[in-house]
Number of protein chains: 2
Amino acid sequence: MKPGFLVFAICVLSSVATAQTNPVAEAARRWRQQHERPILEEFVSLLAIPNVSSDRANIQRNAERLVQMMQARGIQTRLLSVADANPVVFGQMTTPGATRTIIFYAHYDGQPLDPKEWASPPFTPTLRDKRLEQGGQIVPLPSGSTRINPEWRLYARGAADDKVPIMAILSALDAIRDAGMKTRSNVKFVFEGEEEAGSVNFEKILAANRELVAGDVWLGCDGPMHQTRQQSLTFGDRGIAGVDLTVYGPLNELHSGHYGNWAPNPAMMLAKLLASMKDDGGRILIDHFYDDVEPLSNMERRAIADAPDIGPILMRDFGLGSTENSPKTLAELITLPSLNIRGMASSRIGAQASNVIPTTATASIDMRLVKGMDPSKTINQFVEHVQKQGYFVVDAEPSADVRKAHPKVARVVRRRGGEIPWRVSMDLPALQEVIRIVENARGKVIKIPNSGGTGPDVALRVLGIPPIGVPIANHDDNQHSFNENVRLQNLWDGIELMAALLTM
Amino acid sequence: MKPGFLVFAICVLSSVATAQTNPVAEAARRWRQQHERPILEEFVSLLAIPNVSSDRANIQRNAERLVQMMQARGIQTRLLSVADANPVVFGQMTTPGATRTIIFYAHYDGQPLDPKEWASPPFTPTLRDKRLEQGGQIVPLPSGSTRINPEWRLYARGAADDKVPIMAILSALDAIRDAGMKTRSNVKFVFEGEEEAGSVNFEKILAANRELVAGDVWLGCDGPMHQTRQQSLTFGDRGIAGVDLTVYGPLNELHSGHYGNWAPNPAMMLAKLLASMKDDGGRILIDHFYDDVEPLSNMERRAIADAPDIGPILMRDFGLGSTENSPKTLAELITLPSLNIRGMASSRIGAQASNVIPTTATASIDMRLVKGMDPSKTINQFVEHVQKQGYFVVDAEPSADVRKAHPKVARVVRRRGGEIPWRVSMDLPALQEVIRIVENARGKVIKIPNSGGTGPDVALRVLGIPPIGVPIANHDDNQHSFNENVRLQNLWDGIELMAALLTM
């Protein structure tokens, strides 16, 4: 299929999706069209507060700002926390006579970053007239009632992941109130502050506030929408297990002339070790890695078959001439586990490089898990694999004596923040109702058995509330990388969607 | 053999080596013992001038300082250069009635560096009471005639590689004059300024000054001595060919959850590509890589067999539990070619890492060549190997279209400064005479067919002068890396050796 045709197809799908006649969504659209500038001003002011999870002082400022924004809308708000945790911003609106409680989840913290990689400072929210990769130029926020092009992008850490749903929810509240509409359910808000640090305290915080956060449906407002821009819903998340793997060469860098092909080179050792972990097609070769993968149900298989295959378009967008695990589609592949090298380093490259044998080589690895798999067990399998390649494995920096005592030494550090994969059945009545509301507001949805990304399963595991993923960010948002951005139309559509969900 | 025994063996060899009765060397020692402080002061002042090859302004300051130092000793001195080159500092002393011309070669430029990696600033020469790795502490230069411990180290870029021979030669001149001794040959000095940038202009400079630099023996005063600290002489150098290898993933970093095990990971691609280049023992698997290696002569084989096997001691010093290409010894292995990863990088590791699929992965590689091999041909074989692994190979940054058009794309950039390997026969009469003089001054020498490192072969190829390597720096000098240092005893011994060679 020609890429040109698919671009056309996206536009059609996009129009179809927004050609609804849902009165709440329509009211939200009218309100939004009259308030684009103040919405963006409030959003920019929220994004200007740095939100890297480890930056405690600024995380606190974010939480306090959210409290202000929510209280200004009459939401009863408080911070929930435990020792050494970033606070959860919790809010609730009680609806007289309501028999249902809906919980909107999002997170306000963001991934670590290196400002040098960003085209504009990550916490100086910057509008551009298109994607940077397509030559996007900085544009000012138009004054007064000048029309804002919905294809413009707002660049900032957290713009897409995951402050945009918070902005959409609060704007939707303004819109439904302006239209004289009311909530029919009790509504709660759970805005987490350390999702990007692996939600290390989230379970503790929820467990300590079970009654406060109890409810019937958990709307996980996080992650990007389907690449077609058609609304998607997800019924699970991949889990994650992270390791940092370091292998060791000489104690000091050695002259590559005097010792090259005698002293072992840790970069080459690492290359061979990593190469042993996947076959050329992309299948993971760690023993028992796939053993616990729970098979998909028939409904899940059908959902995957129904999802548009966006692979060819993405290959063009991403500049790829091949994919891993071909001919499986992306939709199917995210229901399988992965092993990804997220970074790798040994000595120096470029102008800083010199003719040495490095002392160490390190790869930072994340493994995405699917339902049935366990993060700890997976890391144990990883360690066993390294051992089977002849390595003596340690978990702390090895002494010179340890390095001398073993032909090959590797250090495997388990990163904090592993998460358990989860997937709920699409035919639970509460979830079927959400699907109906979303389709009514946004047209036919793509049902994804589990997101490729990671999200907390604690709603289900700790609280027993079935969660459903309701993403609104654009797929091409550079999430987790530099130059993260949100497309304005996604915020606008998100406001309509959230208005419909707030009044369900 | 127990390490303890070998340490003892080194001490014995060291004592034997310095127990000579050569009158010139003895005169040089007496003079040095009376002048240690001024020698070090002059050396420190030379080392304080930054000397990274690419730093043109400071390279010029180095050259001018050397001219001053040489003219102060009555050496006729001038700078030799061609367009865009760092100058060669040339000097000569004519001896009435001499029938032989000896050329002392050294270089005053140093390897690139990252100051952050150094324990003390690389151009603030710093004395330490032992190696940093053994807990060496900063000590002041003793005042007056206080004895200076010869095991102290002087830390600075260029301290060992390769300003120490220059300091030894000039100090030796002072010493022999003070003793009323005279040169018997004509003596010339060729101090190069861009050896660490691959001697890219050296051949041109020599060719443009053929008559000026003509002579009978070329003493290459560069590189470290044998690890036993016993005096060694080398009769060749490995050549070098450098490439930077980059493989390509998606155009932008992608979220490893949403695209992991679908989008190809360039770090994994690079790992597999590098792993394909060597077998587990360390033998290079690039087709025809070894085809042109010229076999060793019987004399060369004997020299290797006679050289002490320092492997076990080095393994202990370097914290190694294994070596490549076992059971071949280091002495033999440096007469074979190598392939070394000098640096590797993809996205970020440590606290800066995030859950992405990187866009590129790069390895910086140096291949050391031995006599018979050609740098260009070797790089061609390297490129063919990459192609045989399924890569489309480019030499410039590939466009998005090129990346889309090929399943796997690699960029191979040939670094400037490849050098041709060379080796001369040990039994040339001029070289036999140098061996005799050195053994007379410093005791039994270790004869090394070729150094593991790289040195210009132009003396032989352009000028037809047989070269011999006369190293004086300590082997554990962190040459080419951070915290480069010279052991003072090596400078002291070097003065005695140079005094003997200056008067041959």
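In chain A, the domain assignment gives domain 1 (3-235 + 424-502) and domain 2 (238-296 + 335-414), with bounds that come from an automatic or database domain assignment. This is a predicted model, where local features need pLDDT of at least 70, side-chain atom pairs count only at pLDDT 80 or more, and totals for chains, interfaces and linings use all residues. Residues are numbered from 1 along each chain as its sequence is written, and chains are lettered from A in the order in which they are written.

The C-alpha centres of domain 1 of chain A and domain 2 of chain A lie 36 Å apart. Their contact (C-beta atoms, placed from the backbone, within 7 Å) takes 6 residues from domain 1 of chain A and 8 residues from domain 2 of chain A.

Now to the two chains: their contact takes 84 residues from chain B and 84 residues from chain A. On the side of chain B that touches chain A, strand β12 (residues 338-347) of chain B gives the most, with 9 residues. Strands here are DSSP runs (E, at least two residues), numbered from the N terminus.

Here are two contact sides by class; Ala, Val, Leu, Ile, Met, Phe, Trp, Tyr, Cys and Pro count as nonpolar, Asp, Glu, Lys and Arg as charged, and the others, Gly among them, as polar.

| Side | Residues by class |
|---|---|
| Domain 1 of chain A, touching domain 2 of chain A | 1 nonpolar, 5 polar and no charged residues |
| Chain B, touching chain A | 36 nonpolar, 33 polar and 15 charged residues |

Strand β11 (residues 338-347) of chain A pairs with β12(B) in the antiparallel sense over 5 bridges; pairing needs at least two DSSP bridges. In β12(B), B:Gly343 stands opposite A:Ser347.

Definitions and conventions: Helices (H or I, at least four residues) and strands (E, at least two) are DSSP runs, numbered from the N terminus.
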